[in-house]
Structure formats: C-alpha cells, structure tokens
Amino acid sequence: MQYGPAVRRRKLGTELRDLRTRVGLTSIEAARLVGWHQSKVSRIETGSSGVKPADVRRLLDAYEVRDPEFRELLLILAGGEDGGGRQNWWHAYRGVLPAAYRDFISLESQASGIRTLETSVVPGLLQTPEYARAVTRAAVEGVPEDKLDALVEVRIARQDVLRADTPLKLNALLDEAVLRREIGGPEVMARQLRQLREAALLPQVRLQVLPFTAGAHVGVTGPFVIFSFSSASDLDVVVLDNLTSSLYLERKEDLQAYVEAFNALQIHALSPEESLDYIAGIAAGA
C-alpha cells in the first residue's frame, strides 16, 4: 500500500525495463542510445526518481515502441497529456488540489474503465454541480467560497471522460444509503437522483444498487475504486480514500481480491434495470 505517485513511478519504471530487455539492450546500451549516463536509466527503472514525458518519449523511440495507446499510457504515468490529448488541465488548479487528488485525476483521465463501490455519496463522475458543492462543503470544513468554486469546477470537469470520443466505461455499485442520504436538501437530491437515472441509460455506464435488504456484505468495509487500462492490465490499480489522502494498491493479489469482491457485490446488487426502478421509487418518496 503506497501513495499514488510512488506507485506510478515504479509501474512506469517496470514497463520501461521490460521494454528495454525485450529489445535486448542492457541499461548501459540504452543509456548510450539516448545520450545519458547509465545511472539515470537505472533510477528511472527502479522508480527512485521521477521522469519527464520528453525522456519517456526518447526511451520509447529507442526501444521502437510504436503502439500509440501504449505510448500515451506511459506518458500519462510520467505526467504527460491526459487521454484526450490535453496537457494536464488540472494543473491550473494546483493551488487548491492536494497532490493525491491530482494523481487520482491523472489516472482517471487515462483509464479505459473504472469499477467503483460507493457507500456514502454519489460517485464524483455522476454528481450534479449542486450536489458536488454540498458534498465538498461538508468534507472540507471552513473552505472559502472561491476555493469551493474551484473544487466544484474540477469535479464537473472530470466528467468529460464520460463524453470523450472513446468514453471511459464506468461500472458503479451504489449502496442504498447513497440514494437516501439527503445531501444539499430535497431539491438538490431530486436533481441528483434524476441525473443518476439519466446517466444509467448511457451505454458506457452500468449502475447497480445494493439495497439494504442485501444485508451485510464485503462492501460495508468501505468504498473503493478499481482503475483498468486496456493497453496494459499490469497497470491496473485499486484506490482507497480516507479523510486525508488516497492509498493505492497495486500488488496482483490485492487487485485480485478487490476484483473478486466487486464481482461478488454485483451478484447481490439489483440488476441495472431493477436499479433504475429502485432509484425512481426513492425519488418518488418510496
């Protein structure tokens, strides 16, 4: 269990080392090809130091990596462009976003799919602006209005991944408590529930409700997010949020455990069609 930036550096380094060995180069030979000292290649491959996107491009060119999606994925791990070709738009909010949150957004922008279990609030990718404001105000005590505005802007800007040319696939499990917890007042909640129903109809969104009648289940231990990457499954990662930071799990056994937990929860949850009806019933006051 580590913080996001360290995980990403090590994952990037591992991929670059595998690419180098695949083309039959030693670290000394690779360094000579790009005009570096061998120690720089070693530091990058072990994840002991950060690496600029331009340096990753030089290595990928030297290793004759042509796959554009795979190149883009490694560049985003190095802090390059997001999946839409935009230079890290969230950097404009560097003054208000914690480093762990910026790292989360970076991964989110490049992921091909997200599986998320939410037990308290609506997933950020599906929140209305009013709901996002109410959640943020409650989570960040005493936040000034200008910073609150910026945090809400970021939350809504993140949702662009669902409207990209190749949209992110979102698979969300919502505990019934998410739907019944009145955040922002009745009108805000009514609009939020309506938006959830609309989002659930999108082909890239699968939404299921875990009703209270499902009883105790593995999800009661807390929410989690699983990021998946189509170009390299070894880069998949689980994110656990707490009050002050996000923790990242990337060991294969950890990933497998959370994937199995998510699959089990889907069995206990209502079907997407039943979930739509269930949300409509709650919105109607059931």
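**Salt bridges and burial**

I began with arginine 158, which is buried at a relative accessible area of 7%; buried means under 20% relative accessible area, exposed over 50%, and partly exposed in between, with a 1.4 Å probe and protein chains only. I note that this is a predicted model, where local features need pLDDT of at least 70, side-chain atom pairs count only at pLDDT 80 or more, and totals for chains, interfaces and linings use all residues. Residues are numbered from 1 along each chain as its sequence is written, and side-chain values use heavy atoms, with hydrogens and water left out.

Next I looked up the partner of arginine 158: a salt bridge joins its side chain to glutamate 108 at 2.8 Å, N to O. The term stands for a side-chain nitrogen of Lys or Arg within 4 Å of a carboxyl oxygen of Asp or Glu. Glutamate 108 is also buried, at 2% relative accessibility.

By this rule I have 11 salt bridges. One of them pairs arginine 71 with aspartate 61, their closest N and O atoms 3.0 Å apart. I find arginine 71 buried at 16% relative accessibility, while aspartate 61 is partly exposed at 41%.

Then I turned to arginine 163 and aspartate 160, whose closest N and O atoms are 2.7 Å apart in a salt bridge. Here arginine 163 is exposed at 56% relative accessibility, and aspartate 160 is partly exposed at 31%.

Last entry: Arg133, Arg137, Glu145 and Asp149 form one network, joined by salt bridges that share partners.
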